[in-house]
Amino acid sequence: MVWTPPITWVDDVVYDEDDLNEQLRDNMLIIKLARTDAGKIVALTSAYFASLDGSNLTNVAKPGTANVFTAKNVFSGAGRIVLPVGVDAGLDGGPGSRWVEGDYLHHVDEGGDEWRYLGTLVVAGSPGIEGSYWIEGNDEHYVDEDGDERRTIGTSSGGHNDAAAVGGSLWIEGDYSHWIRQSGSVEFIGHADTHSDSSHTDSHSDTAHTDTHNDNAHNDNHSDVAHVDSAHNDNHGDHTDFGHADSHGDTAHSDTAHADSHNDNSHGDSHSDVAHVDSHTDAGHSDSHGDAPELVP
Amino acid sequence: MAWTDPVTWTADQLVKAVDLNAQIRDNMLVLKIALDDDGRITAIDATRFASLDGSNLTGVARLGQANTYTAKQDYGGAGGRLVTPVGADLWAT
């Protein structure tokens, strides 16, 4: 049974049964093939459709290049995910919703609260589409609203290790984002690991000290003791071998008393070290990295 | 060529060629448009379907609001959303 193009009927022609079977019966059966007796299309199968290619359909999900819809939607390989971008762009998506807002990666937690992570800058001016989102290594990566690639880190501490876990799996658990690292098996948790190094102040103050010494004034006094040479008289008696008389008289003399006296001037060597205070203060600093999500009011 | 509603034939009616052409030839051609010669619908396209809206289909992935599945799955734009699973250990295995 095949389709025969309908003929143009003309008056005054006697059509026999062959004509009617071909033009009416067979052609009607062909037209009826894909329809039920009630006139509806029987099924979307190759028995009734020469092609089942649905690429022309609208309002259905059609995989882009290399994106694969499987039991678990897999966007790996050449697949890509682009998140909504903008202020509260995904807020109305409810728990599990994610989006990029400014520099931040936002999500709505299991309880409906909005959180955001500020990813560490990876590449400024990334060529990636704003909102692009993927798992790379152990981290979540995304392209922010300015086109910069950023990453948020997680911790495997407290996460499960399941050999069958597929890399790139992504979900919200409790308050935080959870994922399976690129190579699979290990769960990472976008954690509340906020650490702030306490600011510290290194301060030491040298005790002020004053070096003072005073040389005591001293007086060196010495006095030469005056001495007096006692006058002496040399007397002798001439002998009288010859009568002559030698007479002389030694002049008495007196050593003049003298007094050597010197006085060291008192002196006052005095120096005073200027008191000083060594004081340095390390500026307090807070090492705060933004691994931790912030609860968005 | 356009569809002509089928007439109700009456007794003693003289059926003319023009009647048969309208009722049989032309209407069959209309009914045949979407079909190939073995009776199957040729393709799911605008030539054969007045609407390609698949929103009533079941068992297929359908878009929520403005999500666009392109070469890069785009959940952006007005109303686009990506909502990931919520709960404990929801990894794929």
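Which residue in strand 3 of chain A stands opposite Glu101(A)?

Analyst: That's Tyr104(A). Before going further, keep in mind that this is a predicted model, where local features need pLDDT of at least 70, side-chain atom pairs count only at pLDDT 80 or more, and totals for chains, interfaces and linings use all residues. Residues are numbered from 1 along each chain as its sequence is written, chains are lettered from A and ligands numbered from 1 in the order they are written, and side-chain values use heavy atoms, leaving out hydrogens and water.

Now the hairpin. Strand 2 (residues 97–101) and strand 3 (residues 104–108) of chain A run antiparallel, joined by four bridges; strands here are DSSP runs of E, at least two residues, numbered from the N terminus. Two residues sit between these strands, and Gly102(A) in the turn has a positive phi of about 60 degrees. Further along, Trp99(A) has His106(A) as its bridge partner in strand 3 of chain A.

Strand 2 of chain A also joins strand 2 of chain B, antiparallel, through two bridges, with Leu82(B) as the bridge partner of Arg98(A).

Zooming out, the open sheet has five strands in the order 16(A)-4(A)-3(A)-2(A)-2(B), with antiparallel pairing. Its edges are strand 16 (294–296) of chain A and strand 2 (82–83) of chain B, each pairing on one side only.

As for cover, five of the five residues in strand 2 of chain A are buried, meaning under 20% relative accessible area (1.4 Å probe, protein chains only). Ser97(A), Trp99(A) and Glu101(A) point one way, while Arg98(A) and Val100(A) point the other.

Conventions
Two strands pair if DSSP finds at least two bridges between them. Buried means under 20% relative accessible area, exposed over 50%, partly exposed in between (1.4 Å probe, protein chains only).
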